[in-house]
Amino acid sequence: MSKATPRVQQVTILGATGTIGQQTLDVIARHPDRFSVYALSAHARVDALFEQCVRFQPRYAVMLDADAAERLQQKLQVAGQATQVLQGMAAMEQIASDPQVDAVMAAIVGAAGLRPALAAARSGKRILLANKETLVMAGHLFMQAVEQGGATLLPIDSEHNAVFQVMPASHRGDLAAAGIRRILLTASGGPFRKLDRHALQTVTTAQALHHPNWVMGPKITIDSATLMNKGLEVIEAHWLFAATPDQIDVVVHPQSVIHSMVEYIDGSVLAQLGNPDMRTPIAYALGYPQRLESGVAALDLFKIGHFDFEAPDLQRFPCLRLAYEALRAGGSASTVLNAANEVAVAAYLAHDIGFMDIPRLIEQVLAQTALIQADTLADLEAVDAQARHDAHAWMARQNLKRCVS
């Protein structure tokens with residue numbers, strides 16, 4: 001008897017023109033018998049989204065920017081393409097929750113990805129979560145929506161995907177029952193791993209955007225340089241795996257081959273290894289529980305030769321310390337942390353502040369912004385807005401304009 005052909009899965013990609021979105025499309029293109037692109041979204045990159053629409057023929061294309069949506073519609077009409085263009089956040093939520101959609105790649109960077117990710121969770125979708133800010137901002141609300149909506153949550157960050165792979169499937173939310181002592185999140189250390197604190201004062205944006213191992217968008221690349229990315233991942237791991245701050249440790253591993261480890265109470269440490277290529281976790285999540293060919297080269301351990309490990313330096317990279325403090329503080333502290341960091345990184349990329357002003361700004365906003373027990377999305381968005389206001393006000397008071405480009 002022949003095996004039944006699996007139904008083609010309909011996929012929405014939120015943040016399609018970013019690095020994760022592009023890599024998701026690369027994996028999907030390798031399996032046309034398994035996946036079809038139902039909808040794509042972007043903020044304002046008209047030409048990039050147009051090319052994706054021509055190649056993958058989605059039913060919908062959504063742009064947050066109204067002018068960009070109009071220009072995309074005109075280009076598609078001239079090209080004779082049938083893709084329908086929608087605009088705005090409500091449209092993002094629509095393509096994330098559409099009944100015909102099976103899986104949603106949530107790859108919008110920053111707070112803008114929260115609402116469509118929540119819409120996917122409430123609609124019971126298979127969510128491939130690459131937007132860590134969703135859990136950092138609204139971990140309790142999002143995990144509640146996943147449970148109530150009957151959604152399947154699959155982490156895309158290479159570290160959390162690694163942890164997911166080496167944990168027993170039946171106990172991913174109960175470390176004690178699984179016999180797990182702690183989670184070890186690996187970090188490359190970024191481009192400034194060996195710089196002293198004095199040298200960090202004058203690093204340029206061009207230097208910060210040159211990551212030694214990974215190809216990523218500008219925001220996450222800067223976060224990797226400050227180690228805030230790892231701090232956000234600590235908070236993310238707390239929500240994904242019901243781990244306390246004391247059960248999550250960060251290990252600097254410059255080769256970025258061991259993507260994370262899980263230590264068990266019997267002394268065993270299980271790790272997931274692979275070349276630093278995001279198509280591996282993307283393919284794992286798309287095919288789960290099956291494995292798919294991803295296009296990633298086989299790992300050559302002889303070429304790598306050795307693995308190095310270091311403890312993170314919280315004096316030189318205080319953003320990691322601030323993330324742990326926000327997680328321990330609870331309430332809306334993580335929302336404030338994320339908002340202040342987004343403002344700080346945008347200012348640094350615009351050459352308005354220096355590299356070490358990023359943690360200074362975040363620490364000041366965490367100390368100033370009132371924390372609450374946010375129980376609704378409206379509460380969280382109000383805290384987020386206040387933290388951003390406080391961040392801009394702090395920069396104005398400091399009159400910061402000293403970053404070299």
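The following is a dialogue about how terms are applied to this predicted model.

Visitor: What are the ground rules for the values?

Guide: Residues are numbered from 1 along each chain as its sequence is written, and side-chain values use heavy atoms, without hydrogens and water. The model is predicted: local features need pLDDT of at least 70, side-chain atom pairs count only at pLDDT 80 or more, and totals for chains, interfaces and linings use all residues.

Visitor: What makes the chain as compact as a globular protein of its length?

Guide: First, its elements: the chain has 17 helices and eleven strands, where helices (H or I, at least four residues) and strands (E, at least two) are DSSP runs numbered from the N terminus. The radius of gyration, taken over C-alpha atoms, is set against the globule rule of 2.2 Å times the number of residues to the power 0.38. For 405 residues the rule gives 22 Å and the chain has 21 Å, which is close, so the chain is as compact as a globular protein of that length. Its C-alpha atoms fill a box of roughly 60 × 55 × 45 Å along the principal axes.

Visitor: Why is Cys53 called buried?

Guide: Buried means under 20% relative accessible area, exposed over 50%, and partly exposed in between (1.4 Å probe, protein chains only). Cys53 has 0%, so Cys53 is buried. Cys319 is also at 0% and therefore counts as buried. Of the 405 residues of the chain, 56% count as buried.

Visitor: How many disulfides are there?

Guide: A disulfide is a covalent bond between the sulfur atoms of two cysteines. The test applied here is a pair of cysteine sulfur atoms within 2.5 Å, and by that rule the count is zero.

Visitor: Why is Gly18 called partly exposed?

Guide: Gly18 has a relative accessible area of 29%, which lies between the 20% and 50% limits, so Gly18 is partly exposed. Gly18 sits in the loop between β1 (9–14) and α1 (19–29).

Visitor: Is Glu133 buried or exposed?

Guide: Glu133 is at 5% relative accessibility and so counts as buried. Glu133 belongs to helix α6 (residues 132–149). Contact means heavy atoms within 4.5 Å; beyond its neighbours within four places in sequence, Glu133 is in contact with residues including Val109, Lys219 and Glu342.

Visitor: Why is Glu233 called buried?

Guide: Glu233 has a relative accessible area of 1%, so Glu233 is buried. Glu233 lies in helix α11 (residues 228–241). Apart from neighbours within four places in sequence, Glu233 contacts Lys132, Asp157, Glu159, His160 and Leu185.

Visitor: What joins the side chains of Ser158 and Glu159?

Guide: A polar contact of 3.3 Å joins them. The term covers a pair of N or O atoms within 3.5 Å; within protein, one must be able to donate a hydrogen and the other to accept it, and residues adjacent in sequence count only if both atoms are side-chain atoms. Ser158 lies in helix α7 (residues 158–166) and, at 7% relative accessible area, is buried.

Visitor: What makes helix α10 mostly covered?

Guide: Seven of the nine residues of α10 (residues 218–226) are buried. Among them are Lys219, Asp223 and Ser224.
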